[in-house]
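Dear colleague,

Here is the structure I promised to hand over to you.

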Amino acid sequence: MAKAVELAETALASDETPVGAVFVLVSKEGSRSVVAGAMNDTNRSLCGTRHAEFVGIEEILRTFPASVFTKIDLYVTVEPCVMCASALRQLHIHAVYFGCANDRFGGCGTVFAINTDPAADPPFPAYPGYYREEAIMLLRRFYLQENEKAPVPKLKKNRLLKKDFLPLDLTKYVQDHELVQLQQLYGDDLRKMFSSSPGLSHLHAGSKRTLDGNAVD
Ligand SMILES: [Zn+2]
């Protein structure tokens, strides 16, 4: 995800919406290799569908058959929109890890849950919160940058860079058993990833279950 954040930084520097995406191929033996890294390209290309995910998907399909996506995890700084979530599902992506929620167009739990709703293609898990604050700050810097370029100056309150973060409600995105799987994957890092999440606070507090899935009542 650090690499995806770097790509989003590059996007910001090129006046693109700062979204970065890194696709990682996981081999049978568990080794991981990056097969594509992409950023949003809608402004330069003047094409509204050139989201980071689509750019990355195209790059992969130049080299691999579509069946490769069953072995690919996507790390993307912002929750995939409805369009991208649908494409990822049709390609049978293995899993998606994203930074911050996409409040207007999110297709992995915020607006719609395209990743898990009843459909012919297999559902895919989408885990939020990884490098969330970095992803949010990149978007805020982008909107500030855009405001500064506006011909009519915006109100002063729109010109300040906010640095506070509302908590993330994890329960919109993942179920308890998935949190347990994540704990196995990330160990203690998971606590850091979701430290501001009320969805996990009951697990932290140990009311019903701990992160490792043990009952503690
Ligand atoms: Zn998208």
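Two strands are said to pair if DSSP finds at least two bridges between them. With that in mind, and remembering that this is a predicted model, we can begin with the sheet, which is open and has five strands in the order β2-β1-β3-β4-β5, with mixed pairing. The edges are taken by β2 (32–39) and β5 (126–127), each of which has a single partner strand, so one side of each is left without a neighbour in the sheet.

Within this sheet, strand β3 (residues 72–78) and strand β4 (residues 95–100) run parallel and are joined by five bridges, and if you look for aspartate 73 you will find that it stands opposite alanine 95 in β4. Helix α5 packs on the sheet, where it touches β3 and β4, and its direction makes about 60 degrees with that of β4.

Helix α5 (residues 132–149) also meets helix α1 (residues 2–13), for the axes of the two come within 10 Å and cross at roughly 0 degrees. Angles under 35 degrees count as roughly parallel, and α1 and α5 are therefore roughly parallel to each other. On the side of α1 the contact is made by Val5, Ala8, Glu9 and Leu12, while α5 contributes Glu134, Ala135, Leu138, Arg141 and Phe142. Sorted by kind, the residues of this contact of α1 with α5 comprise six nonpolar and three charged ones, with no polar residue.

Another helix to examine is α3 (residues 52–63), whose 12 residues, at 1.5 Å a residue, should span 16 Å; its end C-alpha atoms are 18 Å apart, which agrees. Which residues of α3 are buried? They are Ala52, Glu53, Phe54, Val55, Gly56 and Ile57, and what covers the buried residues of α3 includes β1 (20–26), β2, β3 and α4 (82–90).

Finally, a few words on the protein as a whole, which contains eight helices and five strands. Read from the N terminus on, its elements run α-β-β-α-α-β-α-β-β-α-α-α-α. Of its 217 residues, 37% count as buried, and among the contacts in the protein with a separation of 6 or more, 59% are between residues 24 or more positions apart.

Notes: Residues are numbered from 1 along each chain as its sequence is written. This is a predicted model: local features need pLDDT of at least 70, side-chain atom pairs count only at pLDDT 80 or more; totals for chains, interfaces and linings use all residues. Axes are lines fitted to C-alpha atoms, for helices over the stretch in contact, and angles run from 0 to 180 degrees between N-to-C directions. Helices (H or I, at least four residues) and strands (E, at least two) are DSSP runs, numbered from the N terminus. Angles under 35 degrees count as roughly parallel, over 145 as roughly antiparallel, 65 to 115 as roughly perpendicular and the rest as oblique. Two residues are in contact if their C-beta atoms, placed from the backbone, lie within 7 Å. Ala, Val, Leu, Ile, Met, Phe, Trp, Tyr, Cys and Pro count as nonpolar, Asp, Glu, Lys and Arg as charged, and the others, Gly among them, as polar. The expected span of a helix is 1.5 Å times one less than its number of residues. A residue is buried if 20 or more other C-beta atoms lie within 10 Å of its own, exposed if 12 or fewer, and partly exposed in between; C-beta atoms are placed from the backbone.
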